[in-house]
Amino acid sequence: MSWNNRGRFVSPSDAEERRQRQPTNLAEKYDISDFDLFCAYHLGITKEGTYQFQNVHQVAKQFGVNAAIIKQLLADFGIDSDTIIHSDFDLAGAQVDIMLAPPGVDLFDIGRQYYMAFRSAPKRNRNWFKELEEAARDNERIFGRKD
């Protein structure tokens, strides 16, 4: 968690510009690039170029660091979950494409396309109340009214 000097929580996406101006030296110290971390953490691409679902601890092991460093780098690079969820990037679609890619396809090539799509995706504010209402209406339409 991050707090500003007034005691207000600052989400990673709120602090993106500040992070870009004051990056940590962890990326250089551990030789981890934003693209490689995006591929491993969000797309499940292993260093061997295969797909495997990986949690933060497995990604940390892949890079030879601990989970706290991975979490910090995700924030430093602006590829943390909060930043992605507040963009128009379709992460779920990208993950499915990687999972279902036929054998022999270079997953890093596909990953690069998705990384560039994420970086160019516009930011947006999510209206969670509206999204929940729409989901409830869809559920009612599909499954019937709950009495």
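Author: First, a term: helices (H or I, at least four residues) and strands (E, at least two) are DSSP runs, numbered from the N terminus. This is a predicted model, so local features need pLDDT of at least 70 and side-chain atom pairs count only at pLDDT 80 or more, while totals for chains, interfaces and linings use all residues. Residues are numbered from 1 along each chain as its sequence is written, and side-chain values use heavy atoms, with hydrogens and water left out.

Reader: How many helices and strands are there in the protein?
Author: Follow the chain from the N terminus and the elements read α-α-α-α-α-α-α-α-α. The count is nine helices and zero strands.

Reader: What share of the residues of the protein is buried?
Author: A residue is buried under 20% relative accessible area, exposed over 50% and partly exposed in between (1.4 Å probe, protein chains only). The protein has 147 residues, and the buried share of them is 35%.

Reader: What part of the contacts with a separation of 6 or more comes from residues 24 or more positions apart?
Author: A contact means heavy atoms within 4.5 Å. Take the contacts in the protein with a separation of 6 or more, and the part that joins residues 24 or more positions apart is 67%.

Reader: Which residues have the most contacts inside the largest nonpolar core?
Author: Such a core is a set of buried Ala, Val, Leu, Ile, Met, Phe, Trp, Tyr and Cys residues joined through side-chain atoms within 4.5 Å. The largest one here has 32 residues, and helix 2 (26-30), helix 3, helix 4 (56-63), helix 5 (67-77), helix 7 and helix 8 (107-120) each give it at least two. The residues with the most contacts inside this core are L37, F38, L43, I70, L73, I79 and F89.

Reader: And I70, what does that residue touch?
Author: Leave out residues up to four places away in sequence, and the list for I70 is I32, L37, V56, V59, A60, F63 and V65.

Reader: Is helix 3 mostly covered or mostly exposed, and which of its residues are buried?
Author: Helix 3 is mostly covered, with seven of its 10 residues buried. Those buried residues pack against helix 4, helix 5, helix 6, helix 7 and helix 8. By name, the buried residues of helix 3 are F35, L37, F38, C39, A40, H42 and L43.

Reader: Where does D31 lie, and what is its phi?
Author: Look at the other end of helix 3: D31 lies in the loop between helix 2 and helix 3. D31 is exposed because its relative accessible area is 69%. Phi of D31 is a positive value in a residue other than glycine, near 55 degrees.

Reader: Is K71 buried or exposed?
Author: K71 has its place in helix 5. Its relative accessible area is 51%, so K71 counts as exposed.

Reader: What distance separates the C-alpha atoms of K71 and H57?
Author: Along the chain, K71 and H57 are 14 residues apart.
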